[in-house]
Amino acid sequence: MRYEPVIGLELHIQLATASKLFSPSSATFGAEPNAHVNEIDLGFPGVLPVLNAQAVRFATLFGLAIGAEINPHAFFMRKNYFYPDLPKGYQISQLDDAIIRGGVVTVETADGVRKVRINRGQLEEDAGKSVHDAFPDRTGIDLNRAGVPLIELVSEPDLRSAAEAVAYMRQLHHLVRYLGISDGNMQEGSFRCDANVSIRAAGSDDLNPRVELKNINSFRFVEQAINLEIERQSDLMDSGKAVEQETRLFDPDRMETRTMRSKEEANDYRYFPDPDLLPLDLAPEWIEETRAMLPELPQARAERYRQDYGLDADAIQFILQMRDMADYYDTLTAACGDGKLAANWMQGEFARLYNEHAGSIKDIPLTAARFAGLLQRVQDNTISASAAKKLLPQLWAGDATADELIDAQGLRQVNDDGQIAAWVDEVIAAHPEQAAAYRAGQGKMLGFLTGQVLKRSQGQANPKTVNALLQEKLKA
């Protein structure tokens, strides 16, 4: 029997705020265990949570970016469960009245386009972390993460393969980094995934019991875990056994999923409104003010690059890898007036220098305006493209302009047809055998003769003019 996977994802996106969701403790990663913890995080009696306004702004920006409705009257719930890294005995979260409602994420894969509906996006605080390998005979608890702000984004079960799930994850990972609301660092736990997986007979509308795969923190592991779980459930159904609803862990070393606990339902957590927090009251004007903060979104920007500059998919992917990179490209294009030329140079020598010397666009010493000055000299034939490639590292490392470097090194091209024709005549006369070989059909000799002309001109002759005049004179 053929089975169809039915997959929904819950993404946990840590927001890039300086402090936690309900306390002034630092939300920065990497401190000594339990260094970023105060009485609110620990749930001491008598303390009161205070909502982080920046986290609300970030959640609203994200919801607007995916076309969701922003709930102006969202409220917070207590999700009750007992675990060593949850010091209060409950997590402050949201449920049906979450801040983000609805929305659609359109995903493109090799198999086609999939529209993934969003059920909700809820603001919530993270739990702490159990550390199992710090001591030989006991588990340590690090509460630095306790209270860190998250968006838990819950999709509808609209995904139909592990590849689609990864494509959906990648798109949202790119979006949150592009918006600047999360660093998306998966190794540090800033972007994590729970995958809900079930299978059903192909063509059926039934929803079978689902299995939740918990806390997966890489794209590769998500794909592997989902495919393993589809295979496991298929084997169970083929043998006539039932798939039980449960939570499982993925073990990448043993390439298997294994039972963690039976899957809870919402009523198991005894949700109730948090009595210490007022409902949110987001004015329409505040929501529209936040909408005005949205940058041009990646899909709209990609379409503009295709339509206006004729860029291909590889160029667009490179430019849009970061919002700062796309902003740099737009400034460069505006200054030099040629989007295709700007993209070609950014993908070439610029990319090499960036990978070698820059941690981010903000670290680049070469401004887009100075870079455009170099491209303009290629456009107006002041210098050749090969000369510009030699100059770019110098332009990157120093403060001189392109014109200053060109003049200092005597690199301005000679575009005088009469002077170039004289050099061409001298080279043909000096190399009669190669000229005869070209006339006899050995086309590669043209490259040799062109090189000789450029050498005679000390690299100042315009290569295009050299090539054209050589062909003209050799045919004559």
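User: When do two strands count as paired, and which residue of β11 is the bridge partner of Pro 5?

Analyst: Two strands pair if DSSP finds at least two bridges between them. In this predicted model, strand β1 (residues 3-14) and β11 pair in the antiparallel sense over 11 bridges. In β11, the bridge partner of Pro 5 is Ile 199.

User: Which residue in β12 is the bridge partner of Asn 196?

Analyst: Strand β12 covers residues 211-216 and runs antiparallel to β11, to which 4 bridges join it. For Asn 196, the bridge partner in β12 is Glu 212.

User: How many of the 11 residues of strand β11 are buried?

Analyst: Strand β11 spans residues 191-201. A residue is buried when its relative accessible area is under 20%. Strand β11 is largely enclosed by the rest of the structure, because the number of its 11 residues that are buried is 10.

User: Is Arg 304 buried, partly exposed or exposed?

Analyst: Arg 304 has its place in helix α6 (residues 298-309). Buried means under 20% relative accessible area and exposed means over 50%, with partly exposed in between. The relative accessibility of Arg 304 is 22%, so this residue counts as partly exposed.

User: Which side chain is joined to that of Arg 304 by a polar contact of 3.0 Å?

Analyst: Leaving aside neighbours within four places in sequence, Arg 304 is in contact with Glu 296, Tyr 309 and Asp 330. The side chains of Arg 304 and Glu 296 are joined by a polar contact of 2.9 Å. The polar contact of 3.0 Å joins the side chain of Arg 304 to that of Asp 330.

Methods. Residues numbered from 1 in each chain as written. Predicted model: local features only at pLDDT ≥ 70, side-chain atom pairs only at ≥ 80, totals over all residues. Heavy atoms only, no water. Buried < 20%, exposed > 50% of the residue type's maximum accessible area, 1.4 Å probe, protein only. Contact = heavy atoms within 4.5 Å. Polar contact = N/O pair within 3.5 Å; in protein donor to acceptor, adjacent residues only side chain to side chain.
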